[in-house]
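Thanks for coming, everyone. Please have a look at the model on the screen before I start talking.

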Number of protein chains: 2
Amino acid sequence: MTDIRTELMTLLNENRVRTDADSLGQYGLDWTRFHTPAPSAVVFPRSVDEVAAIVRWANQRKIGLVPSGGRTGLSAGAVATQGEVVVSFDLMRAISDFDPVERTVTIEAGVVTEQLQGFAAEHGLYYPVDFASRGSSQLGGNISTNAGGIKVIRYGLTRDWVMGLTVVTGQGDVLRLNNGLVKNATGYDLRHLFIGAEGTLGFIVGARMRLARQPRNLTVLLLAVPELDGIMSVFRLFNDGMPLTAFEFFSEQALGHVLARGHSQRPFESASPYYVLLEFEAPTDAETELAFSLFEKATEAGWAVDGIVSQSEQQAKDLWRLREDISESITPRRPYKNDISVTVSKAPAFMRELDAILAREYPDFEVVWFGHIGDGNLHINVLKPEDMPIDAFKRECERVSQWVFELVKKFDGSISAEHGVGLLKRDYLGYSRSAEEMAYMRAIKQVFDPNGIINPGKLVP
Amino acid sequence: MTDIRTELMTLLNENRVRTDADSLGQYGLDWTRFHTPAPSAVVFPRSVDEVAAIVRWANQRKIGLVPSGGRTGLSAGAVATQGEVVVSFDLMRAISDFDPVERTVTIEAGVVTEQLQGFAAEHGLYYPVDFASRGSSQLGGNISTNAGGIKVIRYGLTRDWVMGLTVVTGQGDVLRLNNGLVKNATGYDLRHLFIGAEGTLGFIVGARMRLARQPRNLTVLLLAVPELDGIMSVFRLFNDGMPLTAFEFFSEQALGHVLARGHSQRPFESASPYYVLLEFEAPTDAETELAFSLFEKATEAGWAVDGIVSQSEQQAKDLWRLREDISESITPRRPYKNDISVTVSKAPAFMRELDAILAREYPDFEVVWFGHIGDGNLHINVLKPEDMPIDAFKRECERVSQWVFELVKKFDGSISAEHGVGLLKRDYLGYSRSAEEMAYMRAIKQVFDPNGIINPGKLVP
């Protein structure tokens, strides 16, 4: 331990190597709460060269390294439980080389999502990958998990905004991938291999990001939907009828947890089993009128029973909070999360079968549903009963997860739509990837990280 | 040879194995004309299983396989010069499982670009990856080269439209990648590794493709631009001012070849050294008026001296032909093509230096410029003097290419923006990819194709 600390201090200076218990506890965990943090040290590099030096050192010493961004991950992709050295990007937060013609900008891995969104806004532009953890999540982590969130239906995933990537591979090589080019047909696009690799092939240390034009007058419509089947009927109606920037749903149970915090008002007089939140650009009144006419069709068909449309930016934000505050409001209940997806057309049948499984297997647990249903993505949160020990709770959830994953497999879906695999879903990967795919993944891991020092144990052990 | 034929006929039936000289000559070449075709046989599988059987056979026999789509490639990525067996996808042209809600559809690798575009149009949708060879190019080839074309500025590249991929790897494994899911964070996205791999990791046999909403009233504006520098000034003006679906440029020299065919009229009374063609959606008169006002600014600034806007779909098509017919009109002159890109902001400085190099090095050759300049992508075509032998011409062009590639490297650009590497650019890859990147590419090739039987010699020999 002392050796490791001393050696790291020759690479970085003293105050950028920490081994105190608080730092180890803090930087050894992400937002999952099922593991005990136990890193050897936390280091804070300031440059690509320093990251490369750390990786070369770790290869000589055969010590594991764990990349650490905002640690908002939900699959234990950034936890350190076995004496690894945590490499934090907290000191790499520069934004530079903004180009207004290309609408591109260079970021270091530690730039926080909200920081990039703010930078874009200052320049009359928009960084559209958005989700509740925007205030803490870092771009390096977003890229490593190919983060999705609430605007995917219109703007795609993080992958779609990465024009170039600087990485340090598990071998310690610095690769500058794609240089911000729009068109570049010169062989395997290693950039896309690193995006979503959960830091298992090397470290993402910087990127060239694309920004979007600013959307015009984003307007929110919230609908009360009485039946599970109605959610997808409403989706088809609106998605065919007008371009949407978001289409989310949540259950009354989920709303209850948000309202219990006391920051928000119940949106309608009566409760409804489900709610749909959709968003669209409304540069003129015509778009809002179109949305109203679609809403009328939805009520005539019985799919929706009530609705409210935002009249101001503030009201739009308030409505969004009903959906976005769900995760935080249930965090004290140590939720066991399933983040699953199917193709959109399969969603209605899938949701019916899933509902039956959850009702059968979790009769005594509280289950909170919400999700990005326009992308076929559901978040199922099982809340821990107050009096149940965490280990017993986790075992029980894992037992039920098998049923859920069998169903996902039957529908050719994904057992992790956007949270990644990490440690939490590692042993279930076979429900979404074939044995052959996993063998190729392990072989690719071997190519970039032959000593297995980068984020060991995660994704492809 | 007879052995190969007999063995292949046990895998496929007789009329789907060809060894006649005409077939070998035809299927052994793409649109490049610098190689002598010499395959052993051409086979026409009808299913994924047949493709897998061919790959397993080739691994046992250690015989090279060359994937063959529409053979419209321009980098000799699909030529067979050393006794390989060509695997043609001409008999795999099914389009199936259209889903109007998701706007997705399943295609076999041999589906022709125009066939998919037509299918989309029949269903009120749009397949936006578009280029002059749309009538022959096949989707399998488009995906293998991550084809770009004329609408990239708005719709991106082929990569952006592939929701799922069925491949047969060089080891003979069938992988079904991503299953059409929008969100799927379950490890390395092998789909993106196969896209743009030029068939060197395995065969793309099918895909799930996404379609777009139909654009509304696409309108073309053609401008006469007197100076090279004016092209990028016009680009900035329009790109900041309104959403564009295309921004192309071409030289008077290029136009001259198109006019010489007699199918088109000169667009303006006087010739101009350069022309810019831009396209936009005009659902109302407002967009066309906006384009006019921007055109006025361009003329006031002296960047443009004349302009014409399409008043009908037919006129838009006619204007497009001035740009799109260039390639075909110069084909008889056996052009040596450089397909290069830089980031858009670097394009003006890059073009000035390039112009100087071409004037200095090719004083006696005719050089035709055009390109997708909104993507930073230039096509430089050097025409063979009638009386020069092809080998001497190629040598001379390769000598000058070194100067061009040095310049590309200086500007962190790409030596192959959208044509791929194939055989033609293979030895120049180091101008755009680092030694480390190339080493990783070779290691990845080794993982998927350990016997080196898939498209041997191309990209990563």
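Some ground rules. This is a predicted model, where local features need pLDDT of at least 70 and side-chain atom pairs count only at pLDDT 80 or more, while totals for chains, interfaces and linings use all residues. Residues are numbered from 1 along each chain as its sequence is written, chains are lettered from A and ligands numbered from 1 in the order in which they are written, and side-chain values use heavy atoms, leaving out hydrogens and water.

Start with chain A. There we have domain 1 (2-88), domain 2 (95-213) and domain 3 (217-412). Those bounds come from an automatic or database domain assignment.

UniProt, in an unreviewed entry, places "domain: FAD-binding PCMH-type" at residues 35-214 of chain A. Positions are in the numbering used here, the feature name is shortened, and such annotations may be inferred rather than shown by experiment. Over residues 35-214, chain A is 22% helix and 26% strand. Helices (H or I, at least four residues) and strands (E, at least two) are DSSP runs, numbered from the N terminus. The end C-alpha atoms of that stretch are 41 Å apart.

On the domain 1 side, A:V48, A:V55 and A:P67 supply 34% of the area buried against domain 2, more than any other three residues.

What about charges and polar pairs? Two residue pairs are in polar contact, both residues at pLDDT 80 or more. A polar contact is a pair of N or O atoms within 3.5 Å; within protein, one must be able to donate a hydrogen and the other to accept it, and residues adjacent in sequence count only if both atoms are side-chain atoms. On the domain 1 side, α3 (48-61) and β3 (65-68) of chain A each give two or more residues. α3(A) gives the most, with six residues.

Next, the two chains. 78 residues of chain B are in contact (heavy atoms within 4.5 Å) with 78 residues of chain A. About 5800 Å² is buried between chain B and chain A, and carbon and sulfur atoms give 57% of that. In chain B, B:K183, B:Y188 and B:Y440 lose the most area to chain A, together 19% of what that side buries.

Here the salt bridge count is six. One salt bridge joins B:D375 to A:K183, with the closest N and O atoms 3.2 Å apart. On the side of chain B that touches chain A, the largest share comes from α15(B), with nine residues.

Note on methods. Buried area is the accessible area (1.4 Å probe) that two parts lose on being put together, summed over both. A salt bridge is a side-chain nitrogen of Lys or Arg within 4 Å of a carboxyl oxygen of Asp or Glu.
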